[in-house]
Amino acid sequence: MARHLKLLVQRWSSRVFSVEVDGAPRYFGIREQLRGEPVPPDVFSEVQKQDRCYSLLVCSGDRVTGDRFHWELRDRLQRQLPPGSGLRSMSSFIPDQKGSLLKGYFLQSRAGNSSLIEDILTDLEQRNPVLVCSYSQSEDGQQWTQCLWYQSEDNPVRFCVVPSETPKHHPSVLNMINSDVFYSLDEACDVLKQCGDIIPETRSVLGMLPSSLDARRKPDFPVIVIEGLDATGKTTLTESLRDSLGATLLRSPPQCLSAWRGRFDREPPLIRRAFYAVGNYITAEQINQEASKSPVIVDRFWHSTAAYAIATAVTGPVSNLPHEGAEVYHWPGDLLQPSLVILLTLDPEERKRRLRSRGLMKTDEEEELDHNKLFRTRVEEAYRRIVGSACIALDASPSADLVLQQALLLIRAKCHL
Ligand SMILES: Nc1ncnc2c1ncn2[C@@H]1O[C@H](COP(=O)(O)OP(=O)(O)OP(=O)(O)O)[C@@H](O)[C@H]1O
Ligand SMILES: Nc1ccn([C@H]2C[C@H](O)[C@@H](COP(=O)(O)O)O2)c(=O)n1
């Protein structure tokens, strides 16, 4: 038992804990003993003397089960927690160690609610793959300690909570590849296959995949992808290009997946991104077939899948994105590369005006684009950082006809059409 605890102490104290405060991560660490003067990390600076804090970290060996549990846990906690309780996203990770991220929540309970919250936590920990810790404040309010919930009754191992430096990478970056951004069809299919029993629709989605895919096949005619945030004019431009060039118009996700898209949009990122990744490979096969007969215009492709996934996984300013040149921005080796990718850019106010005048229903991510300037700038910057099939930005603010003329100029210059 003593050896087990020693190991736990060593492993646990190499971790950094991150709590989202006002849309940006704040970090703290834990140590067996304090060295120097205690300084309460800023996560705890606004906690009242009588408040209690808890962390819940999901640690399931199976990532599909773990991600779905993490996704549902927020709703469950929001329903069960007494009014006035604080609930923030939280994670724990070992700096620079890929795959070390554990996701969870940080709770702050008001005085008087502790027994209700503690019943909820005990029940949660007994039935689910979740590790709960509680945090207590010293008498003078200068020091916080963390202890594992299941040990808190008798002889608990207490760790001192200490401030931690901001790590080189945002924690989500550690788990991004093949969790948020898929780098091969096989990886995306593996996730969907694991969901077969819980989401029966995955079988129909996988059934749409062709039996073989050849990313190296060079299309006879140019393949031009049009990218951009919603309401930047992709539909307008792609339809005009189809008519002007006598091209075939395709989109990703492809039409054959439309019936199931809403279902996957309600799933956690791991499953949702796997669905969009598979959609790109189905569109790639359609491109292969059509590009032997005519030029092909594609409304959204891998840039959209990667840029939205990366921008959603990290929080805070653009500087929290994976650095330029990072592996996550590279085009997947097994996915067809377009001849040209045009990124439509638009002033946020004009984009809002177009959204309002169109008045259609928006997805959660589109709502987020509207309300969250930081999210918008992260998506745009992620688009720009993608390499392998880099995009060329085109100002979409002039009239639809002028934008079409500019796009045609670009296509003629780059694709010799
Ligand atoms: N160049 C333009 N000038 C003014 N209005 C435009 C222009 N291009 C498109 N619009 C209008 O802006 C609105 C959004 O355009 P569109 O539907 O083509 O964008 P989108 O990028 O395809 O959006 P989404 O990704 O949400 O489907 C439409 O009402 C469209 O008529
Ligand atoms: N190839 C694609 C296409 C779309 N998405 C995601 C990204 C956004 O959440 C949303 C935008 O699509 P729209 O509403 O404009 O059709 O869909 C993706 O991940 N990959």
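I take a polar contact to be a pair of N or O atoms within 3.5 Å, and I keep in mind throughout that this is a predicted model.

**Ligand 1, polar contacts.** I began with the nitrogen side of ligand 1 and found one of its nitrogen atoms 3.1 Å from a polar backbone atom of Ala400. Turning to oxygen, I noted that an oxygen atom of ligand 1 lies 2.7 Å from an N or O atom in the side chain of Lys234, and that an oxygen atom of the ligand is 3.2 Å from a polar backbone atom of Thr232.

**Ligand 1, the shell.** There are 15 residues around ligand 1, of which Ala231, Lys234, Thr235, Thr236 and Pro398 come nearest. Sorted by class, I count 5 nonpolar, 5 polar and 5 charged residues in this shell. Which helices each supply at least two residues of the shell? I find helix H6, residues 234-245, and helix H10, residues 348-358, with the largest share, 3 residues, coming from H6.

**Helix H8.** I next went to helix H8, which runs over residues 269-290 and has 22 residues. From its first C-alpha to its last, H8 reaches 31 Å, which I note is close to the 32 Å expected at 1.5 Å a residue. Is H8 largely enclosed by the rest of the structure or largely open? I record that 18 of its 22 residues are buried, so H8 is largely enclosed by the rest of the structure, where buried means under 20% relative accessible area.

Definitions and conventions: Residues numbered from 1 in each chain as written. Chains lettered and ligands numbered in written order. Predicted model: local features only at pLDDT ≥ 70, side-chain atom pairs only at ≥ 80, totals over all residues. Heavy atoms only, no water. Helix = DSSP H or I, 4+ residues; strand = E, 2+ residues; numbered from the N terminus. Expected span 1.5 Å × (residues − 1). Buried < 20%, exposed > 50% of the residue type's maximum accessible area, 1.4 Å probe, protein only. Near = heavy atom within 4 Å. Polar contact = N/O pair within 3.5 Å; in protein donor to acceptor, adjacent residues only side chain to side chain. Nonpolar A, V, L, I, M, F, W, Y, C, P; charged D, E, K, R; others polar.
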